[in-house]
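Please read them with the coordinates open.

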Amino acid sequence: QVQLVESGGGLVQPGGSRRLSCAYSGSILNLNALAWYRQAPGKPREPVATISNRGNTYYSDSAKGRFTISRDNAKNTVDLQMNTLTPEDTAVYYCNAQQGVNDFWGQGTQVTVSS
């Protein structure tokens, strides 16, 4: 099993920035892609950013140009730097890890963008 714990959520003003971090542990050998998802009220959970083991990154249209995903395999963390936040970014953000055909999820961290 792989455990993931997100941190860094909270209140942020529109136009502000926030950095989310996800620490993973457990049976972490052969982890593949790491990703950040989010689920806004009334919306399905959607991928925001993904990073492969080879360092290739992928972003949703809304995240591209504003968000940056990075991973540190030595520290067992994957981060999401979020800039120029808008109220539409308000959601619960989840860390996701893939290992073979298995998916593992964190508990989520709330990000609220509001004045």
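1. In strand β8, valine 78 is the bridge partner of cysteine 22. The two strands concerned, β3 (residues 18–26) and β8 (residues 77–82), run antiparallel and are joined by 6 bridges. Strands here are DSSP runs of E of at least two residues, and helices are runs of H or I of at least four residues, both numbered from the N terminus; two strands are taken to pair if DSSP finds at least two bridges between them.

2. Before going further, please note that this is a predicted model, in which local features need pLDDT of at least 70 and side-chain atom pairs count only at pLDDT 80 or more, whereas totals for chains, interfaces and linings use all residues. Residues are numbered from 1 along each chain as its sequence is written, and side-chain values use heavy atoms, with hydrogens and water left out.

3. Cysteine 22 also takes part in a disulfide with cysteine 95, at an S to S distance of 2.2 Å, where a disulfide is a pair of cysteine sulfur atoms within 2.5 Å; by this rule the count comes to 1. The torsion about the S-S bond of cysteine 22 and cysteine 95 is about -85 degrees, so the disulfide is left-handed. The pair links distant parts of the chain, since cysteine 22 lies in β3 and cysteine 95 in β9 (residues 91–99), 73 residues apart. Cysteine 22 counts as buried, at 0% relative accessibility, and cysteine 95 likewise counts as buried at 0%; buried means under 20% relative accessible area, exposed over 50%, and partly exposed in between, with a 1.4 Å probe and protein chains only.

4. How are the strands around β3 and β8 arranged? An open sheet is formed by 4 strands in the order β1-β3-β8-β7, with antiparallel pairing. Strands β1 (2–7) and β7 (67–72) stand at the edges with a single partner strand each, so one side of each has no neighbour in the sheet. From one strand to the next the twist averages 15 degrees, with axes being lines fitted to C-alpha atoms (for helices over the stretch in contact) and angles running from 0 to 180 degrees between N-to-C directions.

5. In β7, the covered face carries Phe67, Ile69 and Arg71, while the uncovered face carries Thr68, Ser70 and Asp72.

6. Threonine 77 is found in β8 and counts as buried, at 16% relative accessibility. Leaving aside residues up to four places away in sequence, threonine 77 touches Ser21, Cys22, Ala23, Tyr24, Ser70, Arg71 and Asp72, a contact being heavy atoms within 4.5 Å.

7. The largest nonpolar core has 27 residues, of which Leu4, Trp36, Phe67, Val78, Leu80, Met82 and Tyr93 touch the most other members. At least two residues of this core come from each of β1, β3, β4 (34–39), β5 (46–51), β7, β8, β9 and β11 (109–113), and β9 supplies the largest share, 4 residues. Such a core is a set of buried Ala, Val, Leu, Ile, Met, Phe, Trp, Tyr and Cys residues joined through side-chain atoms within 4.5 Å.

8. Asparagine 30, in the loop between β3 and β4, has a phi near 65 degrees, a positive value in a residue other than glycine, and is exposed, with a relative accessible area of 66%. Threonine 84, in the loop between β8 and β9, has a positive phi of about 50 degrees although it is not a glycine, and is partly exposed at 47%.

9. As to the whole chain, the protein has 0 helices and 11 strands, and buried residues make up 42% of its 115 residues. Among contacts between residues at least 6 apart in sequence, 54% join residues at least 24 apart. The C-alpha atoms fill a box of roughly 40 × 25 × 25 Å along the principal axes.
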